[in-house]
Amino acid sequence: FECLARPYWFVRFGAVLNDTFDQGSFRRVWRTALRLLWIAWGFTPRITGAEAAHGQRRLKDVDFWNQAERSAALKKAKVPTLMCWAKDDPMIEAELFHELSQSLPGGPRLVFPTGGHFINKHHAQPIAAAILDFIAMSDMKHQASAADPRP
């Protein structure tokens, strides 16, 4: 199931299928099948069919194709970016995170060997600490530049 998010047409097609089958008499069977697929992709076995269907609907709103443009805009704006990922993410391969990391402005990069697509749950404490440090560092830089009397 590796690299399934890279062919974005596949993700978009899944969202269209969800719109088609997540209603009426198909809903129960669809949600059961979708739940099993999401579990196969590495999501928690506690996920419900309704949660998987909701996630599938949300994927329809993601504009994967313009990611490079958004990255370029962030880089041009010089917005520091904190990134976290796990090397064993079954949905998005580490190579894509590396590409994104290189294209975005500097900032902390946390790479975990494990954690799958849910590093925020598996590595909550180090990620929370990194976010707090990142905010504090950004705040200190902002205060320093505000205090600088030079034009």
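This is a predicted model: local features need pLDDT of at least 70, side-chain atom pairs count only at pLDDT 80 or more; totals for chains, interfaces and linings use all residues.

Biologist: Which residues in H2 meet which residues in H3?

Modeller: H2 contributes Arg-31, Leu-34, Arg-35 and Trp-38. From H3 come Gly-49, Ala-50, Ala-52, Ala-53, Gly-55, Gln-56, Arg-57 and Leu-59. By class, the contact of H2 with H3 divides into six nonpolar, three polar and three charged residues.

Biologist: Let us take Gln-56 from that list. Is Gln-56 buried or exposed?

Modeller: A residue counts as buried when its relative accessible area is under 20%. Gln-56, which lies in helix H3, has a relative accessible area of 3% and is therefore buried.

Biologist: Which residues is Gln-56 in contact with, leaving aside its neighbours within four places in sequence?

Modeller: With those neighbours set aside, Gln-56 is in contact with Val-11, Gly-14, Ala-15, Asn-18, Leu-34 and Trp-38. With Trp-38 there is also a polar contact of 2.9 Å, which joins the two side chains.

Biologist: Turning to H1 and H2, at what angle do they pack?

Modeller: Helix H1, residues 8-21, and helix H2, residues 27-40, pack at an angle of about 150 degrees, and their axes are 9 Å apart. An angle over 145 degrees counts as roughly antiparallel, so H1 and H2 are roughly antiparallel to each other. On the H1 side, Gly-14, Leu-17, Asn-18 and Phe-21 meet Arg-27, Trp-30 and Leu-34 in H2. The classes in this contact are four nonpolar, two polar and one charged.

Biologist: Where is Asp-22 found, and what does the side chain of Asp-22 make a polar contact with?

Modeller: Asp-22 is in the loop between H1 and H2. Its relative accessibility is 8%, and Asp-22 therefore counts as buried. The side chain of Asp-22 makes a polar contact of 2.6 Å with the side chain of Arg-31. Not counting residues up to four places away in sequence, Asp-22 touches Arg-27, Trp-30, Arg-31, Ala-53 and Arg-57. Among these, Arg-31 belongs to the H2 side of the contact with H3, while Ala-53 and Arg-57 belong to the H3 side.

Biologist: How closely do the axes of helix H4 and helix H5 come, and at what angle do they cross?

Modeller: The axes of H4, residues 67-77, and H5, residues 94-103, come within 9 Å and cross at roughly 35 degrees. Gln-67, Ser-71 and Lys-75 of H4 make the contact with Leu-100, Gln-102 and Ser-103 of H5. Here the division is one nonpolar, four polar and one charged.

Biologist: How does one read a loop residue such as Thr-44, and which residues does Thr-44 touch?

Modeller: One may begin with its place and its accessibility. Thr-44 is in the loop between H2 and helix H3, and at 27% relative accessibility Thr-44 counts as partly exposed. Not counting residues up to four places away in sequence, Thr-44 touches Ile-39 and Phe-118. Thr-44 and Phe-118 are 74 residues apart along the chain, and their C-alpha atoms are separated by 9.0 Å.

Biologist: Where is the place of Gly-116, and is Gly-116 buried or exposed?

Modeller: Gly-116 is in the loop between strand E2, residues 109-112, and helix H6, residues 119-122. With a relative accessible area of 14%, Gly-116 is buried. Gly-116 touches Ala-86, Asp-88, Asp-89 and Pro-90, not counting residues up to four places away in sequence. The C-alpha atoms of Gly-116 and Ala-86 are separated by 5.7 Å, although the two are 30 residues apart along the chain.

Biologist: Finally, how many helices and strands has the protein chain?

Modeller: The protein chain has seven helices and two strands, which run α-α-α-α-β-α-β-α-α from the N terminus on. Of its 151 residues, 30% count as buried. Among contacts with a separation of 6 or more, 66% are between residues 24 or more positions apart. The accessible surface of the protein chain is about 10000 Å², and carbon and sulfur atoms account for 64% of that surface.

How values were computed. Residues are numbered from 1 along each chain as its sequence is written. Side-chain values use heavy atoms; hydrogens and water are left out. Axes are lines fitted to C-alpha atoms, for helices over the stretch in contact, and angles run from 0 to 180 degrees between N-to-C directions. Helices (H or I, at least four residues) and strands (E, at least two) are DSSP runs, numbered from the N terminus. Angles under 35 degrees count as roughly parallel, over 145 as roughly antiparallel, 65 to 115 as roughly perpendicular and the rest as oblique. Contact means heavy atoms within 4.5 Å. Ala, Val, Leu, Ile, Met, Phe, Trp, Tyr, Cys and Pro count as nonpolar, Asp, Glu, Lys and Arg as charged, and the others, Gly among them, as polar. Buried means under 20% relative accessible area, exposed over 50%, partly exposed in between (1.4 Å probe, protein chains only). A polar contact is a pair of N or O atoms within 3.5 Å; within protein, one must be able to donate a hydrogen and the other to accept it, and residues adjacent in sequence count only if both atoms are side-chain atoms. Accessible areas come from the Shrake-Rupley method with a 1.4 Å probe; for residues, only the protein chains shown count as cover.
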